[in-house]
Amino acid sequence: MSRPEYAPETLKQCCAAAYDHDAVRMLVGDAQHPGGARLTERLGRILNLGPDTRVLDVASGRGDGALVIAARFGCEVVGLDFGRRNVGAATNEARERGLADKVAFYCGDAERLPFADGTFDAIVCECALCTFPDKPTAVAEFARVLKPGGRVGISDLTRSGTLPRELEGVAAWIACVADARPVDEYRALLAGASLAVGETETHDDALVAFVEAIRSRLFATEIMVGLKKLELHGIDLATVKDIVRCALSAAKSGTLGYAIVTAAKDAGPRTGNLNARP
C-alpha cells in the first residue's frame with residue numbers, strides 16, 4: 001500500500017495534532033494502545049528491564065507506557081513525542097504520580113533522535129512505528145542510540161492481505177491502520193538496522209478488544225453530541241465510524257493483528273574469560 005499523498009512532515013504534524021486532541025483521548029481511553037498496561041509490562045519483561053536500565057520510550061504520547069515501565073520495573077525512562085501538548089501532559093502526570101525523579105519527557109522526532117550514540121540500554125515503541133513516514137530511518141536511529149548489547153521492543157499493528165479502501169486514507173494512517181505492515185516486515189526493518197531479531201509474539205485478541213472498546217465509546221459519544229452535551233471540534237465522526245467499523249471487521253477476520261517484536265544490538269567483541277558469567 002502506498003503512503004497517502006502528503007509530505008512526511010505534514011503526516012507527522014497531523015498525527016501529533018490528532019493525539020493532542022482531547023476527543024481522541026476520550027475515544028481511545030486510558031490504554032492508548034491494544035493491551036494497555038498489560039502488554040507494556042509484557043514488553044518490559046521480554047526486554048528484561050530493571051532498576052539499572054535506562055529506557056527510551058519513542059512516541060510516548062501522554063506518558064502512559066513510560067510511567068508503567070518506571071513504576072513496574074524501577075527504570076529510568078526518557079519519553080520522546082512529537083506533540084508538545086502530549087509532552088506537557090505526560091510531565092504533569094509523572095509529577096502527580098511521584099515519578100518525576102525517574103521519568104522525563106521531551107519533544108522530538110523519532111527519525112532524528114536528539115540523543116548521542118549509545119545512550120540507552122533499551123528502547124520501546126508501542127503502536128507508533130506504523131505511523132512513521134520513514135520507518136527504516138527511525139529504526140536506524142533506534143540502533144544508533146542503543147548501547148552495545150542494548151535491546152529494542154516494538155508492539156504494533158500488523159496486516160496480512162489487502163485492506164479495504166476505507167482504511168487507506170490519511171485518517172486511517174493517523175489511526176495506526178493504513179501503513180500497518182506484515183510482522184515479517186517489522187522483523188526485516190530491525191534486521192536492516194543490524195539488530196539481531198529476537199522474540200515475536202502475536203496478540204491479535206488485544207486488538208479486537210481495543211477496537212470494540214473504541215466502538216462502544218464512539219456510540220456513547222455520538223449520543224452526547226446528538227444531545228448537544230458535547231462538541232468535537234475538528235473531529236469527523238462519520239469518518240471515525242467508518243474506520244472503526246472496517247478496522248474491527250479486519251481485526252476479526254485476521255487481516256489486521258497486533259504483535260510484539262524484539263531485537264538486540266551486537267554487544268561487540270568479548271574480552272577476558274569467555275567462561276565468566278555476565
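Because the model is predicted, local features require a pLDDT of at least 70 and side-chain atom pairs are counted only at pLDDT 80 or more, whereas totals for chains, interfaces and linings use all residues. Residues are numbered from 1 along each chain as its sequence is written, and side-chain values rest on heavy atoms, with hydrogens and water left out.

A search of the whole structure returns 14 salt bridges, where a salt bridge is a side-chain nitrogen of Lys or Arg within 4 Å of a carboxyl oxygen of Asp or Glu. One of them joins D121 to K147, with the closest N and O atoms 3.4 Å apart. This pair links distant parts of the chain, since D121 belongs to strand 4 (residues 120–126) and K147 to strand 5 (residues 146–159), 26 residues apart; helices (H or I, at least four residues) and strands (E, at least two) are taken as DSSP runs and numbered from the N terminus. D121 counts as buried because its relative accessibility is 17%, while K147, with a relative accessible area of 30%, is partly exposed; the classes are buried under 20% relative accessible area, exposed over 50% and partly exposed in between, computed with a 1.4 Å probe on protein chains only.

Another salt bridge pairs D179 with K135, and here the closest N and O atoms are 2.4 Å apart. D179 sits in the loop between helix 7 (170–174) and helix 8, and K135 in helix 6 (residues 135–145), so the contact ties together parts that are 44 residues apart in sequence. D179 is buried, with a relative accessible area of 5%, and K135 is buried as well, with a value of 2%. D179 also forms a salt bridge with R181, whose closest N and O atoms are 3.1 Å apart; R181 is partly exposed, at 23% relative accessible area. Together with E185, the residues K135, D179 and R181 are linked in a network of salt bridges.

At 62% relative accessibility, S194 counts as exposed.
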